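The notes follow in the order I made them.

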Amino acid sequence: MNKRFLATGLLLSVALSTMAGCGKQNSVDTNSEAADLISEAPEWAQASAIYEVNIRQYTEEGTFDAFAEHLDEIKAMGIDIIWLMPVHPISETKRSGTLGSYYSITDYREINPEFGTKEDFAELVDAAHEKGMYVMMDWVANHTGWDCAWIEEHPDWYTQVDGEIISPENMGWPDVADLNFDNADMREEMIDCMAGWVRDYDIDGFRCDYATGVPTDFWEQARAELEKIKPVYMLAEDGNTDSLLEYAFDENYNWNLYDNMVQVAKGSKNADKLKLYVCDNEPEGTYSLNFLDNHDKNSYEGTIVENFGSEALPAFWTYIFTIPGQPLVYSGDEIGYDHAIAFMEKDPIDWDAQTADYRELIATLSEIRKEHQALYAGNSGGEMETLETGSSSVIAFSRSTENDQVIVVINLSKNEQTVDGLNLPENAKVLLHADSTGITAKDEMEATMAPWECYVFSTDN
């Protein structure tokens, strides 16, 4: 399926009757025009991983300035895209916890003073750009905090029941108020707020929170307006709403793969089942986000170490960096930080409390991914072909483009496995060998694979 484009004069009035799994299926005729725009992910996104930044907890100071000092460390891992969790002021009314949730926003145009000033934010973005990095903001469109001025000034911008503004239904979020996307004025203001960060601070894109809780046609309207300023990169927190990828977004979450990888790591599912959850058939030009951790998983469902185990992580890092899609690294994952980071309280990462050091591995995988187009995300990358190994615990696959082929073999189990029936090309060269301890030196593959052992090969086509 080709990704849709919006041409001049096309009304952004999209019927949502076919939209699956969306909590708000409202539609508004916006009478907005796009200027011959095509929504394509920027080329710079195809080869880089994303690093999710928790500003509050990244340093003791919890500020933009303090985090900026660590940009070189992230760049050294070969990661060029940083996603900043919400940086806006947090409401105090009905606040959860001491400091409140980043996702309970008071003002979309301002900066949380806990993190610094607008000038500090601008300096962080500029510093990232100077290093050849890109910055995505986290955007929360489904709801605001209860201190947002819109509640008093424009109560009709919110969902109401019996004349009372309500929280999003059945979500367990009492600290936020549900926005009404039937209101065209609210939509226009929301989009103008987004555009301001792109126009005035040169933001490169947005990760959009609970994207399925907002009508698809709003996101399409927003994307069209943002593209008038500059090409942007759009990530939806969603895993199954196909309409979001038709125009508005470049990427969504691979929730199913994550859940099944955890089961494989814990030994309750065989590794060969993972091929069912690798997404390589999305709309043209789009792809999935593959992750071992993120802020929600870490805080509420277990740390990366609890869910995967330190010994297995080199194998799983290798897997998500080589399958179709884009890999994600969350703050602290690179040191195997085995602590559930608090969401509403100050709980800075203890960078000395590492269980392992995966920075060299991530850097090597990033370099391999950038040097081999077969591993790119989206249309530029190679399709995935499963290879026979004779073991349900050993995954092998190739990804090929016209001039590039990469072959990956991984024992995703805690037991030694014997590989049978895998015929590697004679010119296969080991790009990476790793086991439960991390990167090790090995020039050729042996038939018996140690627990969590993995290889990445290249061939000359």
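**Helix 8 and helix 11**

I noted that helix 8 and helix 11 are roughly antiparallel to each other. The model is a predicted one, and I kept that in mind throughout. I read the packing angle between helix 8 (residues 255-265) and helix 11 (residues 313-322) as about 155°, with the axes 12 Å apart. An angle over 145° counts as roughly antiparallel, so the label for this pair follows from the angle. I recorded the crossing of helix 8 and helix 11 as right-handed.

Next I listed who touches whom. From helix 8, Leu257, Met261, Val264 and Ala265 take part, and they meet Phe316, Tyr319 and Ile320 of helix 11. I sorted this contact by class and got 7 nonpolar residues, with no polar and no charged ones.

**Helix 6 and helix 7**

I then turned to helix 6 (residues 184-201) and helix 7 (residues 216-227), whose axes come within 10 Å and cross at roughly 40°. That angle makes helix 6 oblique to helix 7. I wrote down a right-handed crossing for this pair.

On the helix 6 side I found Arg187, Met190, Ile191, Met194, Ala195 and Val198 in the contact. On the helix 7 side I found Asp217, Phe218, Trp219, Gln221, Ala222, Glu225 and Leu226. By class, the contact of helix 6 with helix 7 holds 9 nonpolar, 1 polar and 3 charged residues.

**Largest pocket**

What is the volume of the largest pocket? I have it at about 470 Å³. The pocket is lined by 22 residues, and those closest to its centre are Tyr103, Trp173, Asp296, Tyr300 and Phe343. I checked which element gives the largest share of the lining, and it is helix 9 (residues 295-300), with 4 residues. Sorted by class, the pocket lining has 10 nonpolar, 6 polar and 6 charged residues.

**Cavity**

How many cavities of 30 Å³ or more are there? I counted 1. The largest cavity has a volume of about 40 Å³. I listed its lining as Tyr58, Glu73, Ile74, Met77, Glu334, Trp351 and Arg359. By class, the cavity lining comes to 4 nonpolar and 3 charged residues, with no polar ones.

Terms used
Residues numbered from 1 in each chain as written. Predicted model: local features only at pLDDT ≥ 70, side-chain atom pairs only at ≥ 80, totals over all residues. Heavy atoms only, no water. Axes fitted to C-alpha atoms, helices over the stretch in contact; angles between N-to-C directions. Helix = DSSP H or I, 4+ residues; strand = E, 2+ residues; numbered from the N terminus. Parallel < 35°, antiparallel > 145°, perpendicular 65-115°, else oblique. Left-handed = near helix turned anticlockwise from the far one by under 90°. Contact = heavy atoms within 4.5 Å. Nonpolar A, V, L, I, M, F, W, Y, C, P; charged D, E, K, R; others polar. 1 Å grid on protein atoms, 1.4 Å probe; cavity = no way out; pocket = protein on both sides within 12 Å on 5 of 7 lines; lining within 4 Å. Points joined across faces, edges and corners; volume = space filled by probe spheres on them.
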